[in-house]
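Have the viewer ready and follow along.

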Amino acid sequence: MTEGEDGRSDAVVVGAGLAGLTAARELVKDDYSVTVLEARDRVGGRTLSHRLADGERVDLGGQWIGPTQDRVNELVETYDLDTIPQFDDGLDQIAIDGVVKEHEDALRALPSAAYSELMDAFGRLETLRTQIPLEEPYSAPNAEKWDGTTVEAWKRETLETTAARGAFDSLLRALFTTEPSEISLLYFLTYLHAGGGIERITGVEGGAQERRIEGGAQQLSQLLANELGDSVQLESPVRAVTHDDSGVIVESDTGTYTGSFAIVAIPPTLAGRITYDPPLPARRDALTQRMPMGATIKCIATYEEPFWRRAGYSGFVLTDDDVVGFMFDDTAPESTTGALVGFIAGETARTWSEREASDRRDQVLADFARYFGERAGDPLEYVEQSWSNEQWSAGCYAGNMTPGTMTGYGDALREPVGRIHWAGTETATQWCGYMDGAIRSGERAADEVSRRLA
Ligand SMILES: Cc1cc2nc3c(=O)[nH]c(=O)nc-3n(C[C@H](O)[C@H](O)[C@H](O)COP(=O)(O)OP(=O)(O)OC[C@H]3O[C@@H](n4cnc5c(N)ncnc54)[C@H](O)[C@@H]3O)c2cc1C
């Protein structure tokens, strides 16, 4: 069902990413009418699948899924999509402090003192994260202390060797696409806990990088949008939401839409760029100012074959002294073409998003060649997506909390404002930052609205 007979919908959903589309689908299942307004000319938001010259589809946005990500796995099953295991055989490479080392498990290639320091630190993090109640991280026993500390400060207190610090920074950038000085320890622990801990979050087999969706992750949103049909309006950026006891009026570039409720399913930073009348309560507004997006440029190069495999390499690289911070083999199993994917992350991504695309390409390929030889510098095809340059994402993977945000304003993350409800992966209590979290958040917001409509 789309909008009601009088042109008013039960809910107007802002954003056709996984969160908004899931919320809409859940409401339609309950027989409510919805209108979904999407700023871009496509659905899927932070997922974006690209067709290469050889016909293979690669993901320039969200890609991997893994165990315990029950919601995304369920959706993959619902739409009968196949998944591809991430290739992980052979030697990983790690470059820390100017030295490249190899091992089947990248971190084990670190000098032994650095490795044991890092493992001790991970052990401590595992103990700390389990003390956090995921619905209310600000109620954790040491919440104020942890939220007043940056991850950078904690790292300096905990790790002494340069190699352990460098590896920690690289991992943090890979997970959050931000700098350790930019996020609070409490937020960091909450995120780790929401994803089931360090091993789960960083792992391939049994972890968050275990599989990807054949044909690309954006299909999930495209299939959800197909179900919703005409109720999804593209190229309709929402500029203003007026709300009172009787309903909401949502103004977009393509028209004005009325509804009983609104679900704003976009990152908090972008939600803060919409004009609200009456204005948002001070604490909700403050929250939207304190969750800056991470930054990443995802770069994929293809070759006639995955030649690094024959040389014994898995394709995985973790580095703190290149522009590209980490790399994976991105070859599709049945394809003869080989593919490498690299991520520029954090501050480096912000800097390099301002550079010429050709400079970026040259630099990324030089980084690939450092690890896999000259052949890696001469691809069949090269594609990239700089998420900081995308107006309707403003960065990626997600909005991260700065120090003081979780304890000061964390309770405003999901708390509805009048008839406005909030969704988006940032609001999830499990797998926040991930596609799975986005779906969970959409279900939660739909449930809240559905109860009020009933
Ligand atoms: C490079 C990269 C790699 C990633 N890797 C992974 C991964 O391997 N695994 C994983 O699970 N997750 C990954 N993620 C994260 C994952 O893609 C996101 O968590 C998820 O897609 C977020 O979905 P969402 O619906 O919450 O938000 P979004 O996808 O951002 O959807 C919000 C939608 O709202 C639209 N919008 C914004 N403002 C407005 C407005 N004012 N009016 C109307 N529409 C608006 C946007 O265009 C967008 O379509 C990655 C992301 C990136 C970018």
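Let's start with glutamate 390, which is partly exposed at a relative accessible area of 24%. Keep in mind as you look that this is a predicted model. Glutamate 390 has a salt-bridge partner in arginine 40, and the closest N and O atoms of the two are 2.9 Å apart. Where do glutamate 390 and arginine 40 lie? Glutamate 390 is in the loop between β19 (381–386) and α15 (405–409), while arginine 40 is in the loop between β2 (34–37) and β3 (49–51), so the bridge ties together parts that are 350 residues apart in sequence. Arginine 40 has a relative accessible area of 9%; anything under 20% counts as buried, so arginine 40 is buried.

Now step back into strand β19, where glutamate 384 sits. The side chain of glutamate 384 meets that of arginine 360 in a salt bridge, at 2.5 Å from N to O. Arginine 360 belongs to helix α14 (residues 357–372), and the two partners are 24 residues apart, so to speak linking distant parts of the chain.

Next, have a look at arginine 350 in helix α13 (residues 347–353). Arginine 350 forms a salt bridge with glutamate 182, and here the closest N and O atoms are 3.5 Å apart. Glutamate 182 lies in the loop between α6 (162–176) and α7 (185–194), which puts the partners 168 residues apart. Arginine 350 has 29% relative accessibility and therefore counts as partly exposed. Glutamate 182, at 28%, also counts as partly exposed.

How many salt bridges are there in total? The count comes to 25. Some of them share partners: Glu152, Lys155, Arg156 and Asp169 are joined into one network that way.

The axes of α6 and α7 come within 12 Å and cross at roughly 65°. With the roughly perpendicular range running from 65 to 115 degrees, that angle makes α6 roughly perpendicular to α7. The crossing is left-handed. On the α6 side the contact is made by Phe168, Leu172, Leu175 and Phe176, and on the α7 side by Tyr187, Phe188, Tyr191 and Leu192. What kinds of residues are these? The contact of α6 with α7 has eight nonpolar residues, no polar and no charged.

Helix α2 (residues 70–78) and helix α16 (residues 435–453) pack at an angle of about 90°, and their axes are 7 Å apart. These two are therefore roughly perpendicular to each other. From α2, the residues in contact are Asp70, Arg71, Val72 and Leu75. From α16 come Met435, Asp436, Ile439, Arg440 and Glu443. The make-up of the contact of α2 with α16 is four nonpolar residues, no polar and five charged.

Threonine 68 is found in the loop between β5 (64–65) and α2. Threonine 68 has a positive phi of about 75°, although it is not a glycine. Its relative accessible area is 33%, so threonine 68 is partly exposed. Glutamate 235 is another non-glycine residue with a positive phi, this one about 50°. Look for glutamate 235 in the loop between β10 (232–233) and β11 (238–244).

There is also a cis peptide bond between aspartate 277 and proline 278, where omega is about 0°. Proline 278 has its place in the loop between β14 (275–277) and α11 (282–288).

To finish, go to aspartate 30, in the loop between α1 (18–29) and β2. Aspartate 30 is partly exposed, with a relative accessible area of 42%. How far apart are aspartate 30 and serine 450, in sequence and in space? In sequence they are 420 residues apart, while in space their C-alpha atoms are 7.6 Å apart.

How values were computed
Residues are numbered from 1 along each chain as its sequence is written. This is a predicted model: local features need pLDDT of at least 70, side-chain atom pairs count only at pLDDT 80 or more; totals for chains, interfaces and linings use all residues. Side-chain values use heavy atoms; hydrogens and water are left out. Axes are lines fitted to C-alpha atoms, for helices over the stretch in contact, and angles run from 0 to 180 degrees between N-to-C directions. Helices (H or I, at least four residues) and strands (E, at least two) are DSSP runs, numbered from the N terminus. Angles under 35 degrees count as roughly parallel, over 145 as roughly antiparallel, 65 to 115 as roughly perpendicular and the rest as oblique. Contact means heavy atoms within 4.5 Å. Ala, Val, Leu, Ile, Met, Phe, Trp, Tyr, Cys and Pro count as nonpolar, Asp, Glu, Lys and Arg as charged, and the others, Gly among them, as polar. A salt bridge is a side-chain nitrogen of Lys or Arg within 4 Å of a carboxyl oxygen of Asp or Glu. Buried means under 20% relative accessible area, exposed over 50%, partly exposed in between (1.4 Å probe, protein chains only). A crossing is left-handed if the near helix is turned anticlockwise from the far one by less than a right angle, and right-handed if clockwise.
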